[in-house]
Amino acid sequence: MVIPLITPVIEGALLVPYPATLDVRHKLGEHVAWLLYEHRRARNTRRRKLGCFKQALLTLVHLRKNETFSQLGAGFGISQDTAWRYVDETLGVLVSWAPGLHEALTGLGEGDHVIVDGALIPIDRVRADEPYYSMKHRRHGMNVQVIARPDGTPLWFSRATPGRTHDLTAARVHGIVQACLTRQILVLADRAYQGADATFRTPYYHHHEQPEHYQQFNRDHARLRAPGERAFAQLKSWRLLRRARCSTRRIGTIVQAIHTLLTCSYSG
């Protein structure tokens with residue numbers, strides 16, 4: 001997708017435009033634009049400075065390239081505040097299409113298995129902000145849980161909780177443990193989830209000191225769980241989540257919106 005050239009004027013200074021390519025499929029931009037069109041029509045929104053496709057492109061640039069709102073405003077010929085409002089509106093539309101936990105597990109049941117994992121979304125905070133500091137990762141961030149198919153395709157992302165939250169605690173709070181137990185879905189997870197019991201299967205500790213069949217279990221478990229890393233790799237391909245500068249309350253919204261975009265990419 002090629003970003004069109006615009007020559008914006010900000011505070012009397014003429015900025016120099018340059019051609020740029022956004023590494024997302026054109027169909028994805030069209031799909032987001034269609035969702036915005038339906039949203040505007042439902043609200044009977046009057047004419048905007050940017051059309052639906054330009055607003056969709058604005059949001060994709062923000063998420064994919066992690067450009068600031070001042071940079072976005074300059075690139076699209078609008079004010080910084082307008083850029084923020086357009087992105088916020090688009091995120092809201094995308095989040096409304098993100099599946100809930102029970103919806104994501106629809107169709108799965110006894111005999112199926114999923115991969116559950118947690119990741120830290122890095123944020124800008126000082127060390128004094130203790131709730132956001134993860135001792136495991138030695139950095140500040142927000143904890144996000146994922147349920148993925150055996151091939152690594154994400155089914156559901158949780159809301160974001162402070163980085164200090166333990167993965168097992170997060171899985172219980174978000175209802176993952178109970179939801180998978182109710183449907184008798186086998187869950188493959190790492191050692192952070194030991195103690196979940198139910199249908200969770202985690203590796204053995206000190207397996208090198210155990211009999212061979214314990215070691216073989218851990219090897220098979222690691223092989224089956226490895227594709228789950230693909231879910232977070234896809235999530236963090238959107239550079240905004242490699243180091244988020246926004247409010248911590250906004251990160252969960254961004255994760256849900258990106259999940260919708262990933263779902264659109266799969267179906268497209």
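**Reading the core and a hairpin**

Guide: This is a predicted model. Its largest nonpolar core has 50 residues. Trp 238 and Ile 251 have the most contacts inside this core.

Visitor: Which elements each supply at least two residues of this core?
Guide: Helices 1 (26–43), 2 (52–65), 3 (69–76), 4 (80–95), 9 (229–235) and 10 (248–267) do, along with strand 5 (113–122) and strand 7. Helix 10 gives the most, with eight residues.

Visitor: What is Ile 251 in contact with, leaving aside its neighbours within four places in sequence?
Guide: Ile 121, Ile 123, Met 142, Ala 160, Ala 244 and Cys 246.

Visitor: Which residues does the second core include?
Guide: First, the general idea. Nonpolar side chains tend to be buried together in soluble globular proteins. Here a second, separate core has 22 residues, including Leu 105, Ala 171, Ala 192 and Tyr 193.

Visitor: Now the strands. In which sense do strand 7 and strand 8 pair?
Guide: Look for the bridges between them. Strand 7 (residues 139–148) and strand 8 (residues 154–157) are antiparallel, paired over three bridges. Val 146 has Phe 157 in strand 8 as its bridge partner. The two strands form a hairpin, with five residues between them. In the turn, Gly 152 has a positive phi of about 95°.

Methods
Residues numbered from 1 in each chain as written. Predicted model: local features only at pLDDT ≥ 70, side-chain atom pairs only at ≥ 80, totals over all residues. Heavy atoms only, no water. Pairing = 2+ DSSP bridges. Helix = DSSP H or I, 4+ residues; strand = E, 2+ residues; numbered from the N terminus. Core = buried A, V, L, I, M, F, W, Y, C linked by side-chain atoms within 4.5 Å. Buried < 20%, exposed > 50% of the residue type's maximum accessible area, 1.4 Å probe, protein only. Contact = heavy atoms within 4.5 Å.
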